[in-house]
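Have a look at the model first, and then we can go through it together.

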Amino acid sequence: MAFARSRLRLKELESYLEDVETFDKPKILLEQYPTTPHIAARVLHTIHTNYDDIHNKTVADLGCGCGVLGIGAKMLGAGHVLGIDIDEDALDVCYRNVNDFELEVDLVQLDVTKIGESVKQSTPDHDETASNSSSRGSCIKEKSFDTVIMNPPFGTKKNHGIDMLFVQTGLFLAKGAVYSLHKTSTRTHIEKKAKDFGVKMEVLAELRFNLENTYKCHKQKSVDIEVDLIRFSFR
């Protein structure tokens, strides 16, 4: 399947992303909620058109899940895309999606929170990516990517703070900027953490994430969650 690199319009991108297969059996402890084509297309289109941070850039998709963000980035002309996820089953779905679209997207199974762990423990400041995986993420080097994109776990399932660990990993890997989705209710906390990390934080958009009834614990058919699209960049 051929794409007009970087020339896809918003609606065209969303239409393509609607064909991305989602989780077979989502895992609640990993907070596996698929990023909808509507949200993914708007996030990527904003990054691409307003900041030129996708076309011909190296892009990492952290916690890639089924791959909708990384696949969309490749459709918009990213030079190299690497999807990283801890879950083998999610990566299997992502692999099928990449093959179905006939795209070149590399995938690696790693715990995102362990990448650059020793550096992150000493300082939040800040090339190539090796092909083999490591349980501690030592194979992925600092500042390996121009751009990092992610829809991280919100940290509501006995994993409080994991969203900020994802951001720290993104800042470790990125040369340019990190783009991430976070619950609007946590904005004040994230602003404080950005100051601690010594980076600039911008809220680019306020979006509504329609969370479908995915797990048995869900009582409502769906619920809208207010989320911020945030750009972290180095001062």
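Buried means under 20% relative accessible area, exposed means over 50%, and partly exposed lies in between (1.4 Å probe, protein chains only). Helices (H or I, at least four residues) and strands (E, at least two) are DSSP runs, numbered from the N terminus. The model is predicted, so local features need pLDDT of at least 70 and side-chain atom pairs count only at pLDDT 80 or more, while totals for chains, interfaces and linings use all residues. Residues are numbered from 1 along each chain as its sequence is written, and side-chain values use heavy atoms, with hydrogens and water left out.

Let us start with helix α7, which spans residues 187–197. Which residues of α7 are buried? They are Ile190, Ala194 and Phe197. These three sit on the same side of α7 because they cover an arc of only 65° around the axis, the arc being that of the directions from the helix axis to the C-beta atoms. An α-helix has 3.6 residues a turn, so residues three or four places apart point the same way. On the other side of α7, Thr188, Lys192 and Lys195 are exposed. Just after α7 comes Gly198, with a positive phi of about 75°.

Now for the charged pairs. A salt bridge here is a side-chain nitrogen of Lys or Arg within 4 Å of a carboxyl oxygen of Asp or Glu. The structure holds nine salt bridges, including these:

| Salt bridge | Closest N and O atoms |
|---|---|
| Asp196 with Lys192 | 3.5 Å |
| Arg231 with Glu202 | 3.6 Å |
| Asp224 with Arg208 | 3.7 Å |

Asp196 and Lys192 both belong to α7; being four residues apart, they are separated by about one helical turn. Asp196 counts as partly exposed, at 44% relative accessibility.

The pair of Arg231 and Glu202 forms a salt bridge that links distant parts of the chain, with Arg231 in strand β7 (residues 222–234) and Glu202 in strand β6 (residues 199–212), 29 residues apart. Buried or partly exposed: which describes Arg231? Arg231 is buried, at a relative accessible area of 13%, whereas Glu202 is partly exposed at 22%. Asp53 joins this pair, as Asp53, Glu202 and Arg231 are linked in a network of salt bridges.

Asp224 forms a salt bridge with Arg208, and this pair also links distant parts of the chain: Asp224 is in strand β7 and Arg208 in strand β6, 16 residues apart. Asp224 is partly exposed, with a relative accessible area of 40%.
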